[in-house]
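The sequence and the structure are shown first.

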Amino acid sequence: MKKSVVSAALAALAIGVAFAAPAKAADVSACLITKTDTNPFFVKMKEGATAKAKELGVTLKAYAGKIDGDSESQVAAVESCIAEGAKGILIAASDTKGIVPTIKKARDAGLLVIALDTPLDPANAADATFATDNLLAGKLIGEWARKTLGDKVKDAKVGFLDLTPSQPTVDVLRDQGFMIGFGIDPKDPNKIGDETDPRIVGHDVTNGNEEGGRKAMENLLQKDSSINVIHTINEPAAIGAYQALKAVGLEKQVLIVSVDGGCPGVKSVKDGVIGATSQQYPLMMAALGVEAIKKFADTGEKPKPTEGKSFFDTGVSLVTDKPVSGLKSIDTKEGTAKCWG
């Protein structure tokens, strides 16, 4: 009888200890969804997210579209993240309008959604945006091109190598920024292609890769072979444009400007292929995004934008070896020290 009492008491004590033991912290999982897994920009973004996730003990799953513009794969990735019980999603959206209904499903399910590099349309469809100031990135290279041309700017023949027909926000912002910096009236600030400035030869899309840049440049040359300024959505597109120009002996006629600041792009600036580029910092974007998801999982707190802006600004620098008066820039030596890819 006594043994039974003691046994019962011990059992009760064991139960009490079990209830008193601290609960193990729940695992935090996150998803990174990029436009592609081949563009050096997104490769570096994945590297930054992976390293930070390992540091913080976050389980990270990475997804990507087959090409820039592949929104279907991104929609499927968001749905997978919801089903798997992720705490948050970091996404660089290919179709910034089309993916919004799927993003709403994720937020309704309690996930924190952070847009990386490319704001959604509307921007508040995400909980936060961590990005380069893409309008400023465009303005910097537009102003550099204008000041480099000097008096010749009034007779410029300008071509735009854009991203995709869906006109994602990053594409629109960089285009509009370039126009403002160059001295072109962009008309509707939310639309590409409605400008009336006679200096514009035209727009074409590249899917953000070299082959697309080459084909788009060939198309613009057919419209006007005297084209002498090219704005490109990114450096792979810029390299493709240069290849097309070189093939017909016009590479010295055209001033090419771009955005990204990857190591191959900075080298292209050093080699004179690209005149200037606006350098952004994808590793920082992704690392800060993972930190924000971990904090949200632990405390419920959502990230706040940079003061005076509607997004968290991760910085941008103009890189060129041909600086112009009144415009702050860094040279390719410093750009190389800060580059990625």
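## Basis of the description

A salt bridge is counted here when a side-chain nitrogen of Lys or Arg lies within 4 Å of a carboxyl oxygen of Asp or Glu. The model is predicted, so local features need pLDDT of at least 70 and side-chain atom pairs count only at pLDDT 80 or more, whereas totals for chains, interfaces and linings use all residues. Residues are numbered from 1 along each chain as its sequence is written, and side-chain values use heavy atoms, with hydrogens and water left out.

## Domain arrangement

The protein chain is divided into domain 1 (29-132 + 282-303) and domain 2 (134-279 + 317-338); these bounds come from an automatic or database domain assignment. Domain 1 contributes 14 residues to the contact and domain 2 contributes 15 residues, where contact means heavy atoms within 4.5 Å. The centres of the two domains, taken over C-alpha atoms, are separated by 28 Å.

The UniProt record, an unreviewed entry, places the feature "domain: Periplasmic binding protein" at residues 32-301. UniProt positions are given in the numbering used here, feature names are shortened, and annotations may be inferred rather than shown by experiment. Over residues 32-301 the chain is 45% helix and 18% strand, with the end C-alpha atoms 20 Å apart. Helices (H or I, at least four residues) and strands (E, at least two) are DSSP runs, numbered from the N terminus.

## The interface between the domains

About 1,100 Å² is buried between domain 1 and domain 2, 50% of it on carbon and sulfur atoms. Buried area is the accessible area (1.4 Å probe) that two parts lose on being put together, summed over both.

One salt bridge is found across this interface. On the side of domain 1 that touches domain 2 there are three nonpolar, six polar and five charged residues. In this classification Ala, Val, Leu, Ile, Met, Phe, Trp, Tyr, Cys and Pro are nonpolar, Asp, Glu, Lys and Arg are charged, and the others, Gly among them, are polar.

## Salt bridges

The count of salt bridges comes to 26. Among them, the side chains of Arg174 and Asp117 meet at 3.6 Å, N to O. Another joins the side chains of Glu47 and Lys44 at 3.0 Å, N to O. Glu47 and Lys44 are separated by about one helical turn because they are three residues apart in helix α2 (residues 40-56).

## Loop features

Val316 lies in the loop between β11 (312-313) and β12 (317-319). Leaving aside neighbours within four places in sequence, Val316 is in contact with residues including Thr132, Leu136 and Tyr281. Val316 and Gly261 are 55 residues apart in sequence, and their C-alpha atoms are 9.1 Å apart in space.

Asp121 and Pro122 are joined by a cis peptide bond with omega of about 10°; Pro122 is placed in the loop between β4 (112-116) and β5 (128-131). Gln167, a residue other than glycine, has a positive phi near 50° and is found in the loop between β6 (158-162) and α6 (169-182).
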